[in-house]
Amino acid sequence: MKKTKILFVCLGNICRSPAAQTIMQQLVEAKGLQEKYEIDSAGTINSHAGELADERMRNHAHKRGYTITHRSRQIDPSRDFDHFDMIIGMDDRNIATLQRLTSEKKHVAKIKKMTSYNKIFKETSIPDPYYGGYDGFEYVLDLLEDATKGLLTELEAV
Ligand code: 4NP
């Protein structure tokens, strides 16, 4: 079976996108659908390459039962745009960067925004929690839990 390959993208790949990757992976596993999906994440910058996710994000996620083990990597445009079916950015800056990294129509068509899958929340971006406090991380997790459910519902409906 051909897997649907999903890449979540944020700026540093230490807060939002590794959380999105882990929540989506655990959701897919809970539904027994892991054979159908390949899920990864990447950042648009390389400042944190090789690092585990931000400790604050790992701790907040852990309280909800998510174990984030991903290590940060920068997106590799020469491979990732071909390899993945969906490249999902967290905010407008991520989307703009992704659009600058490719000029191929078939690649541009793969770029999506995470909040387009939200059902409960009406945000237009997943806000960067890096410079904020406790509430910011919890809110990002609320948004990501809602969006991953919306995304999987959409994918399983086709
Ligand atoms: P992320 O958060 O994009 O959700 O991983 C950030 C991580 C690092 C930085 C900014 C945002 N930074 O400036 O290093």
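## Serine 17: burial and setting

Serine 17 counts as buried because its relative accessibility is 0%; buried denotes under 20% relative accessible area, exposed over 50%, and partly exposed the range in between, computed with a 1.4 Å probe on protein chains only. This is a predicted model, in which local features need pLDDT of at least 70 and side-chain atom pairs count only at pLDDT 80 or more, whereas totals for chains, interfaces and linings use all residues. Residues are numbered from 1 along each chain as its sequence is written, and side-chain values use heavy atoms, with hydrogens and water left out.

Serine 17 belongs to helix α1, which covers residues 16-30. Helices (H or I, at least four residues) and strands (E, at least two) are DSSP runs numbered from the N terminus.

## Partners of serine 17

The side chain of serine 17 makes a polar contact of 2.8 Å with the side chain of asparagine 13. A polar contact is a pair of N or O atoms within 3.5 Å; within protein, one must be able to donate a hydrogen and the other to accept it, and residues adjacent in sequence count only if both atoms are side-chain atoms. A polar atom of the serine 17 side chain also lies 3.5 Å from the backbone oxygen of alanine 42.

Leaving aside neighbours within four places in sequence, the residues in contact with serine 17 are Phe8, Val9, Cys10, Ser41, Ala42 and Met90, where contact means heavy atoms within 4.5 Å.

The structure contains 13 salt bridges, each defined as a side-chain nitrogen of Lys or Arg within 4 Å of a carboxyl oxygen of Asp or Glu. One of them joins the side chains of arginine 64 and glutamate 145, at 3.0 Å from N to O. Arginine 64 is in the loop between α2 (55-63) and α3 (77-83), and glutamate 145 is in helix α6 (residues 134-157), so this pair ties together parts that are 81 residues apart in sequence.

Arginine 64 counts as partly exposed, at 25% relative accessibility. A network of salt bridges links Lys63, Arg64, Glu138, Asp142 and Glu145.

## Two further salt bridges

Arginine 79 and aspartate 80 form a salt bridge whose closest N and O atoms are 3.1 Å apart. Aspartate 80 is buried, with a relative accessible area of 0%, while arginine 79 is partly exposed at 39% relative accessibility.

Glutamate 104 and lysine 106 meet through their side chains in a salt bridge of 2.8 Å, N to O. Here glutamate 104 is partly exposed, with a relative accessible area of 38%, and lysine 106 counts as exposed at 51% relative accessibility.
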